[in-house]
Amino acid sequence: MKERRALNKKYRLSTALDVDDLLMECVPYAIRLANEKYKFDPPLTVREVDRWGKMGTRADVIFEFFNDPTFYENQPVIEGAKEFVRKLSRMTEVFVSTSVYPQFMSIRALRIMKEFPEIPSDHIYMGSRKDKIDVDILFDDGMHNVLDSHAAYPILMRRPWNTEATGVLAVNNYDEFLKLVEVIADSYSVKLDRFKLSEPGVVCLVGPTGSGKNDICGQIVERCSRFERLISYTTAKMSSDNDRFNHVSLREFHKMSDNGELFELTNYANHFYGSRKADVEAILSKGKHVITVMDICGAMAMKTNFPNVVTVYVGGDRKSLITSIIERKASTDEKVKRILAIDNEKRNEQICDFSVGSADVDAAVDMILAMVGEDK
């Protein structure tokens, strides 16, 4: 991974932004056009595009629109995208890295210059080799672009076609991304002793599978009555984790998401996980700290939605992590995904407020309680 540069007045972080489905609608726009042209019954939906590329389903029809120049001329700008670029331009140097057919490059360039005047025309790069872009931060909805990127912080915009991405930095919206950029900028500076939960706040434990996050979480709740564990929601049927999750049907989960009840959500091994803002507020209203285990995406969503949040990275040596994963009761495919995610998880340590080891759970608990100003 690229070494972090020391920030000073002469240096600004640099960010490369994708265009399709990050600044301008692509898949949703193509789906609307397909429904208008072919009168699908029931209508084609975005959720049917659950991976990128042709899938052998009726959703493949959207690809015909990508060969029409009028598609690129009329792509709608995503709501909030212009304000997002304006805010980001005040925080980092902004570039565009977009993959588009050569015959449509001029159309794409003119649209970008018209809709996003804050981005200089010489900051627009076109081509599919986004791994060649030398920036600090890459923001893209293409899982392959994020996984192949050499940026210090490749960040994924969650979309239905990239829900299987595991262990990568990911966000659900512009606000979460801007918060993450703030956290990244802060990670370059020396951390001062300023993370004290003198008022009820939130502690998010982040780290790879097998690092002992849940053991530490459980110990903290047992040893300090001022902490209460956040119970999240999942579509996975739990056999032994009923104290950590509420099981809901896929229909119920989508309803909660569509109603705006969930402030964070993710998909892992074809199961959805999410947390309700009302549940966090209920714990805080009792004067208690919230303790929770989340991936880095959920942790950044927590920081976006609540003001008093501490993120703690729980690490472990690679051999112990892999051994723990292998010994789990899970499918081979799920184990492979978790092992492959270890290296991606490791880079998340740099943007967490603190890090602790997992070799000694009691020692890790002591450190966390001391960090938040709580007695043992």
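The model is predicted, so local features need pLDDT of at least 70 and side-chain atom pairs count only at pLDDT 80 or more, while totals for chains, interfaces and linings use all residues. Residues are numbered from 1 along each chain as its sequence is written, and side-chain values use heavy atoms, with hydrogens and water left out.

Let's begin with the open sheet, whose five strands pair in parallel in the order E8-E13-E7-E14-E15. Strands are DSSP runs of E, at least two residues, and helices are runs of H or I, at least four, both numbered from the N terminus; two strands pair if DSSP finds at least two bridges between them. At the edges, pairing on one side only, are E8 (227-229) and E15 (354-357). E8 joins E13 (residues 289-293) over three parallel bridges, with arginine 229 opposite isoleucine 291.

Now look for helix H7 (residues 213-223), which lies across E7, E8, E13 and E14. Helix H13 (residues 361-371) lies across E7, E8, E14 and E15. Arginine 223 in H7 and aspartate 366 in H13 are 143 residues apart, yet they form a salt bridge with the closest N and O atoms 2.4 Å apart. (A salt bridge is a side-chain nitrogen of Lys or Arg within 4 Å of a carboxyl oxygen of Asp or Glu.)

Another salt bridge joins aspartate 353 and lysine 303 at 3.2 Å, N to O.

Key
Contact means heavy atoms within 4.5 Å. Axes are lines fitted to C-alpha atoms, for helices over the stretch in contact, and angles run from 0 to 180 degrees between N-to-C directions.
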